[in-house]
Amino acid sequence: MRYILHNLGKLFSIIFPFSVFRFLSTVGGIFYTGYMIQNLKSAGKNIRLNKRTFILGEKYISFGNNVVLGRDGRITAWNKYYSQSFSPTISIGDNVSIGDNFHITAINCIDIRENVLMGQKVTITDNSHGLNLFSELDTAPARRNLVSKGSIIIDRNVWIGDKVTILPGVKIGQGAIIAANSVVSKDVPEYSVFGGIPAKLIKNLK
C-alpha cells in the first residue's frame, strides 16, 4: 500500500502543479478543524488546526478566537490513566499561535491566555510519571501514577521561544519572554526575560 501511494504521489506531481497540492492540503486542514471543534468543550471563531495535530480529551479543552496550531502537535487532557481519574482543563485564549511539533498535556489545569506566541517544539506539562521516589523505581515509568505539582498559567502577551519546556506549578507573568531552549521550573515575573536550564532572570523589562 505504501508503495502504491508513493507512486500515486509521484504521478500526481507530474499531472498537477504544486499549487494544487497546497490547495488540497489547506482544504483538508479546514475540514479537520471543522470536525474537531465540534467535540471541544468550547470553541471560538477562526480556529486553524493542522490535520496532523493530535487531540485527546476534547471535552476538557477550550479554544478562543483566532487560535492557530502548527503541524505535528499534540494536546492531551487525561481524565483517566490506568486506575486513576482526573478532571483536567486546557484553555487556550484568543489570538494564540503555537508553532510546529508542540506538546501540551494536562491532568490538572493549563491556562494559556490571550496573545501568546510560541515557537516550535514547545512542551507544556502539568504532570509527570511518579514522584521520583526510590520505592517507585522497580515499576516501569509508564505504569507509575501520574502526579501534578500544580497548574500552569501563561498570562497575556507572553512570547515563548523554540524548544522551551514549561513544568508543573508555574505561572508566567504578563508580557514575559522565555528564551529558546529554556526549562521553566519556577514562576516568571511579568515583563521579564527568562532563559537557561533551569530558566533564570536575564533582564527585567519594566
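Predicted model: local features only at pLDDT ≥ 70, side-chain atom pairs only at ≥ 80, totals over all residues.
Student: In what order do the seven strands of the open sheet run, and what is the pairing?

Tutor: Strands of a sheet pair through backbone hydrogen bonds, and that pairing can be either parallel or antiparallel. Here the open sheet has the order 4-9-12-17-20-22-23, with mixed pairing. Strand 4 (68-69) and strand 23 (200-204) each have a single partner strand, so one side of each is left without a neighbour in the sheet.

Student: How many bridges join strand 4 to strand 9, and which residue is the partner of V68?

Tutor: Strand 4 and strand 9 (residues 97-98) run parallel and are joined by two bridges; in one of these contacts, V68 has S97 of strand 9 as its bridge partner.

Student: How many salt bridges does a search of the whole structure find?

Tutor: Side chains of opposite charge can pair when their charged atoms come close. The search finds seven salt bridges, including the one between D100 and R71, whose closest N and O atoms are 3.1 Å apart. Because D100 lies in the loop between strand 9 and strand 10 (103-106), and R71 in the loop between strand 4 and strand 5 (74-77), the pair ties together parts that are 29 residues apart in sequence.

Student: Is D100 buried or exposed?

Tutor: D100 is buried, with a relative accessible area of 16%, whereas R71 counts as partly exposed at 41% relative accessibility.

Student: Which residues are linked in a network of salt bridges?

Tutor: The network links D111, R113, E114, D155 and R156; within the pair R113 and D111, the closest N and O atoms are 3.0 Å apart.

Conventions
Residues numbered from 1 in each chain as written. Heavy atoms only, no water. Pairing = 2+ DSSP bridges. Helix = DSSP H or I, 4+ residues; strand = E, 2+ residues; numbered from the N terminus. Salt bridge = Lys/Arg side-chain N within 4 Å of Asp/Glu carboxyl O. Buried < 20%, exposed > 50% of the residue type's maximum accessible area, 1.4 Å probe, protein only.
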